[in-house]
Amino acid sequence: MRKALMIWGGWAGHEPEQSVAVFAPWLKEQGFDVTVANTLDVCTDASLMQSLSLFVPCWTMGQITGEQEKGILDAVAGGVGIAGWHGGMCDSFRWNCGYQFMTGGQFVAHPGGIIDYTVTITKPDDPIMQGLKDFQLKSEQYYMHVDPGNEVLATTTFSGEPDAPWVKGTVMPVVWKRRWGQGRVFYCSAGHVANDFKVPELRTIIQRGMLWAA
């Protein structure tokens, strides 16, 4: 049986525990042996980390020790898949460039806060996106610093309103996948709170992304 580890913590405003609870039962339905933890210390257990098929971090604005970070990076480099969303994966450890190098991006702003925006599917033939069309979200539209080596599957375009007119027209990746050593990396910048996953397209993208990473 494939094993998945989901960890939650950090800033409570992203509802990390509730968001993990959206997807943990689904992963079990897909045949995964799922462990849920709310401590980064599990990342130092090399035998556990290396036994995984999938690692799902949901930890915003935290601090991680060098040993904990190494546990994640080594596991993924060795072939463990990693998948996550929003600040839970790409605004986790702002001081750790190695972690950011692996994930392929880092949050820097969400102009306007909670706004209406469009997610544009750019690779409709990719298995993660197959059958999906562009869709609307009312949430945080993440402005990110991103790795140009990412394989981008969906984007969003910034209007610049109401408080960042200089970014009007900027096309920003929303969903991407990449490799880190032997491991697969999947990320989606949407998913501010658990209620966002009621949007069928978003939920489907994350579910498929986790399976692809695993």
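The lining of the largest cavity has two nonpolar residues, seven polar ones and no charged ones. Here Ala, Val, Leu, Ile, Met, Phe, Trp, Tyr, Cys and Pro count as nonpolar, Asp, Glu, Lys and Arg as charged, and the others, Gly among them, as polar. This is a predicted model: local features need pLDDT of at least 70, side-chain atom pairs count only at pLDDT 80 or more, and totals for chains, interfaces and linings use all residues. Residues are numbered from 1 along each chain as its sequence is written, and side-chain values use heavy atoms, with hydrogens and water left out.

**The cavity**

- The structure holds one cavity of 30 Å³ or more. A cavity is a set of points, on a 1 Å grid over the protein atoms alone, where a 1.4 Å probe fits but cannot get out.
- The volume of the largest cavity is about 30 Å³. A volume is the space filled by probe spheres set on the points, with grid points joined across faces, edges and corners.
- Which residues line the largest cavity? They are His14, Ser19, Cys58, Trp85, His86, Gly87, Gly88, Gly191 and His192. Lining residues have an atom within 4 Å of a point.
- Helix H4 (residues 86-90) gives the most to this lining, with three residues. Helices (H or I, at least four residues) and strands (E, at least two) are DSSP runs, numbered from the N terminus.

**The whole chain**

- The chain has six helices and 11 strands.
- The radius of gyration of the chain is 16 Å, close to the 17 Å that the globule rule gives for 214 residues, so the chain is as compact as a globular protein of that length. The radius is taken over C-alpha atoms, and the rule is 2.2 Å times the number of residues to the power 0.38.
- The C-alpha trace spans about 50 × 35 × 30 Å along its principal axes.
- Of the 214 residues, 55% count as buried. Buried means under 20% relative accessible area, exposed means over 50%, and partly exposed is in between (1.4 Å probe, protein chains only).
- Take the contacts in the chain with a separation of 6 or more: residues 24 or more positions apart account for 72% of them. Contact means heavy atoms within 4.5 Å.

**Backbone exceptions**

- Most residues other than glycine have a negative phi, and most peptide bonds are trans.
- Where does His86 sit? His86 is in helix H4. Its phi is near 50°, a positive value in a residue other than glycine. With a relative accessible area of 0%, His86 is buried. His86 is also among the residues that line the largest cavity.
- Met61 is not a glycine, yet has a positive phi of about 55°. Met61 lies in the loop between strand E3 (54-60) and helix H3 (66-77). Is Met61 buried or partly exposed? At 40% relative accessibility, Met61 counts as partly exposed.
- The peptide bond from Glu161 to Pro162 is cis, with omega near 0°. Pro162 belongs to the loop between strand E9 (151-157) and strand E10 (171-180).

**A buried helix residue**

- Val20 lies in helix H1 (residues 16-29). At 2% relative accessibility, Val20 counts as buried.
- What does Val20 touch, not counting residues up to four places away in sequence? Val20 touches Met6, Ile7, Trp8, Val36, Cys58 and Trp85. Cys58 and Trp85 are also among the cavity-lining residues.
- Val20 and Ile7 are 13 residues apart in sequence, and their C-alpha atoms are 7.9 Å apart in space.

**Loop residues**

- Thr44 is in the loop between strand E2 (33-37) and helix H2 (46-50). Thr44 counts as partly exposed, at 35% relative accessibility. Leaving aside neighbours within four places in sequence, Thr44 is in contact with Glu67 and Gln68.
- Asp41 is found in the loop between E2 and H2. Asp41 counts as partly exposed, at 49% relative accessibility.
- Pro127 lies in the loop between strand E6 (114-121) and strand E7 (135-140). Pro127 is exposed, with a relative accessible area of 59%.

Technical notes:
On a 1 Å grid over the protein atoms alone, a cavity is a set of points where a 1.4 Å probe fits but cannot get out, and a pocket is an open set with protein on both sides within 12 Å along at least five of seven lines; lining residues have an atom within 4 Å of a point.
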